[in-house]
Amino acid sequence: MGVTKTDYMRGMQCPKMLWLDKHKPEEKVIPPEVQELLDKGNEFGDRAMAMFGDYVEMTAYKEDGRLDFTAMLQRTQEHLQEGTRVLCEAAFMYYGNYCAVDILRRTDSGYALYEVKNSYGVKEQFVRDVGFQLYILNRCQVKVSGCYVVYRGDSADSLVVADVTAQAWAYARTVNDNIWRLGKIKTQKEEVEAETGSQCEQPYRCWYWDYCHSREKK
């Protein structure tokens, strides 16, 4: 597989992070508090799937428990052709580059794309996340009528929907140049050389922080 949405976001934070994900994942250290946040984010996303009523989930697994990307891509195309109103985890691939959309809702003028975040507002990295998905869907000839970020409201069960269409289109125009560069970095044999710096913490603390900083001290 080429560059996934996760690859892209991590590679744009630091190309070495992307390379380590592919070649030295055993060096990854996920703090318990971060894993807890990730788990809560998954739970929030699962609840948000029903925000537009009935939906069909595209997620499929192989016998060994890994995601079956081929089955997800095929199932997504089948449901697009059938006109299914709401698809969750809809899968798309363009020249090996892949994304799965949290919620894809059919509208009168195309499809509305929703990215669900366990957050109390819209952050810049969320817009970049949506922009990558928009790039893939646009290249796959899917007409996107709007882009939105769904986040937590003031109460436990409330959801807020923010329209980020204009920002997402602006960012999507920058993806093409970066996606092929990151694809080469992901597959190169030589370890990426990168000095530690602000990218180690922003927008998220890198899971390879210990690996890179311990090597820097040698």
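How many cavities of 30 Å³ or more does the count come to? The structure is a predicted model, and the count comes to 1 cavity. Rolling a probe the size of a water molecule over the atoms shows where empty space is left. The space in the largest cavity is about 90 Å³. Its lining is made by 13 residues, and the closest to the centre are Cys14, Lys16, Gln199, Cys200 and Cys212. Sorted by class, the lining has 9 nonpolar, 2 polar and 2 charged residues. Two helices each supply at least two of the lining residues: helix 2, residues 15-23, and helix 7, residues 209-216. Helix 2 gives the most, with 3 residues.

The structure holds 0 disulfides. Cys140 is in no disulfide, and the nearest cysteine sulfur, in Cys99, lies 7.4 Å away. Cys140 counts as partly exposed because its relative accessibility is 25%.

The next topic is the nonpolar interior. In soluble globular proteins, nonpolar side chains tend to be buried together. Here the largest nonpolar core has 46 residues, and those with the most contacts inside it are Tyr8, Phe92, Leu104, Phe132, Ile136, Leu137 and Ile179. Helix 5, residues 124-139, provides the largest share of this core, 8 residues.

Gln133 is part of helix 5. Is Gln133 buried or exposed? Gln133 is buried, because its relative accessibility is 0%, and buried means under 20%. Its side chain makes a polar contact of 2.9 Å with the side chain of Glu115.

Glu191 sits in the loop between helix 6, residues 165-187, and helix 7. With a relative accessible area of 17%, Glu191 is also buried. The side chain of Glu191 has a polar contact with the side chain of Lys24, at 3.2 Å. Another polar contact, of 3.0 Å, joins the side chains of Glu191 and Tyr211.

The backbone can be looked at last. Most residues other than glycine have a negative phi, and most peptide bonds are trans. Where is a cis peptide bond found? A cis peptide bond joins Gln202 and Pro203, with omega at about 0°. Pro203 belongs to the loop between helix 6 and helix 7.

Tyr95 is exposed because its relative accessible area is 68%, and exposed means over 50%. Gln141 is in the loop between helix 5 and strand 5, residues 144-152. At 71% relative accessibility, Gln141 counts as exposed.

Technical notes
Residues are numbered from 1 along each chain as its sequence is written. This is a predicted model: local features need pLDDT of at least 70, side-chain atom pairs count only at pLDDT 80 or more; totals for chains, interfaces and linings use all residues. Side-chain values use heavy atoms; hydrogens and water are left out. On a 1 Å grid over the protein atoms alone, a cavity is a set of points where a 1.4 Å probe fits but cannot get out, and a pocket is an open set with protein on both sides within 12 Å along at least five of seven lines; lining residues have an atom within 4 Å of a point. Grid points are joined across faces, edges and corners, and a volume is the space filled by probe spheres set on the points. Helices (H or I, at least four residues) and strands (E, at least two) are DSSP runs, numbered from the N terminus. Ala, Val, Leu, Ile, Met, Phe, Trp, Tyr, Cys and Pro count as nonpolar, Asp, Glu, Lys and Arg as charged, and the others, Gly among them, as polar. A disulfide is a pair of cysteine sulfur atoms within 2.5 Å. Buried means under 20% relative accessible area, exposed over 50%, partly exposed in between (1.4 Å probe, protein chains only). A nonpolar core is a set of buried Ala, Val, Leu, Ile, Met, Phe, Trp, Tyr and Cys residues joined through side-chain atoms within 4.5 Å. A polar contact is a pair of N or O atoms within 3.5 Å; within protein, one must be able to donate a hydrogen and the other to accept it, and residues adjacent in sequence count only if both atoms are side-chain atoms.
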